[in-house]
Number of protein chains: 2
Amino acid sequence: MARSRGRRAGDDVSPGGPDVFSADCPSRLVVERIGDKWTLLVFMALRRRVLRFGELRDLVGAVTPKVLTQTLRSLERDGLVTRTVYAEVPPRVEYALTDLGRSLLGPIDAIRAWSEENGERIAASRAAAAARVGA
Amino acid sequence: MARSRGRRAGDDVSPGGPDVFSADCPSRLVVERIGDKWTLLVFMALRRRVLRFGELRDLVGAVTPKVLTQTLRSLERDGLVTRTVYAEVPPRVEYALTDLGRSLLGPIDAIRAWSEENGERIAASRAAAAARVGA
DNA sequence: TGCCATACTTCCCGGATGGATACCATGGCG
DNA sequence: CGCCATGGTATCCATCCGGGAAGTATGGCA
């Protein structure tokens, strides 16, 4: 025991930020939030205009209704999109980004810019590693 | 059939970018890459200096050696960190960010800044929704 | 002859994630 | 009466991610 776990004083790892290593670090919250399979696509689809459920489903592509519903409900729960139901027949439901959701487009675009510049490098490195294993 | 799936011409969803909806969209690649449980912590830990396996494990906290190894190997595979083994006894292994990895710190910081500003809003919205269900 | 430290690896397991398929509710319309 | 469209639910299932506990390899040292 007494195996000195955790950070010692002087381990200044984060320049000017709060504790980056706490389990509930806000960066992790957000990255996990947008890190699932369909969220980013939904954001891209809603970036320009309000969309109905079916439009979203067709735009995003291979998503099943169950999973799309899950994604949208969780985004609504987190205050990033709104869900508006019109009492018509057949039913009409519209989804839109909230202000909060729209403000997240900035950081997302930072990722996107980096990805478009460097994504190939990652893919290449990954492919090279796979080739080494395969050979 | 013939149920008009997919985008139609004129659905200009992405301002100036390539196809955001392709399955291998680079943004998704990167977000999935950093979206797992420990990658962000490893990045934060390695941002300032090279670290040994044990240092990393102690800094990050509750990660088990198996999972930390997995995380590091996949980061190495993708060209984001280097792994240097010194043939000593007991063994010494050092991990460091590559240039590519360091360049990713920029976008990560964009997320971090947004998170520190807005993370609470998400948490609050989520808590409010949970309270509505619980009540 | 053990014992130590480091940096793993192996095995097994449980929970979460996402997918396939089928079904449901409403009310206008023919 | 039965069909249509929309926007979902319900049910079941395969896969994956991560976790716990224990084992491995090396060689110096007491």
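How many bridges join E2(B) to strand E3 of chain B? Six bridges join them, and the two strands run antiparallel. Strand E3 of chain B covers residues 92-97.

This is a predicted model, in which local features need pLDDT of at least 70, side-chain atom pairs count only at pLDDT 80 or more, and totals for chains, interfaces and linings use all residues. Residues are numbered from 1 along each chain as its sequence is written, chains are lettered from A and ligands numbered from 1 in the order in which they are written, and side-chain values use heavy atoms, with hydrogens and water left out.

**The sheet of chain B**

Strands E1, E3 and E2 of chain B form an open sheet, in the order E1-E3-E2. The pairing is antiparallel. Two strands pair if DSSP finds at least two bridges between them. Strands here are DSSP runs (E, at least two residues), helices are runs too (H or I, at least four), and both are numbered from the N terminus. Strand E1 (51-52) and strand E2 (81-86) of chain B are the edge strands, and each pairs on one side only. B:Thr84 stands opposite B:Glu94 in E3(B).

Helix H2 of chain B, residues 39-46, lies across E1, E2 and E3 of chain B. H2(B) runs at about 95 degrees to E3(B). Such angles run from 0 to 180 degrees between N-to-C directions, with axes fitted to C-alpha atoms, for helices over the stretch in contact (heavy atoms within 4.5 Å). Is H2(B) mostly covered or mostly open? H2(B) is mostly covered: eight of its eight residues are buried. Buried means under 20% relative accessible area, with exposed over 50% and partly exposed in between (1.4 Å probe, protein chains only). Among the buried residues of H2(B) are B:Leu40, B:Val42, B:Phe43 and B:Met44.

**Chain A in outline**

Chain A has six helices and three strands. From the N terminus on, its elements run α-α-β-α-α-β-β-α-α. Chain A has 135 residues, and 42% of them count as buried.

Sugar and phosphate make up 75% of the atoms of DNA strand D that come within 4 Å of the protein. Helix H3 (53-60), helix H4 (65-77) and strand E3 (92-97) of chain A, together with helix H4 (65-77) of chain B, each supply at least two residues of the surface near DNA strand D.

DNA strand C is surrounded by 20 residues, and the closest are A:Lys37, A:Lys66, B:Arg52, B:Arg83 and B:Tyr95. H4(B) gives the largest share of the surface near DNA strand C, four residues.

The table lists polar contacts (pairs of N or O atoms within 3.5 Å; within protein, one must be able to donate a hydrogen and the other to accept it, and residues adjacent in sequence count only if both atoms are side-chain atoms).

| Side chain | Phosphate oxygen of | Distance |
|---|---|---|
| A:Arg52 | DNA strand D | 2.9 Å |
| A:Arg73 | DNA strand D | 2.7 Å |
| A:Arg83 | DNA strand D | 2.5 Å |
| A:Trp38 | DNA strand C | 3.0 Å |
| B:Arg52 | DNA strand C | 2.9 Å |
| B:Arg83 | DNA strand C | 2.4 Å |

Notes:
Near = heavy atom within 4 Å.
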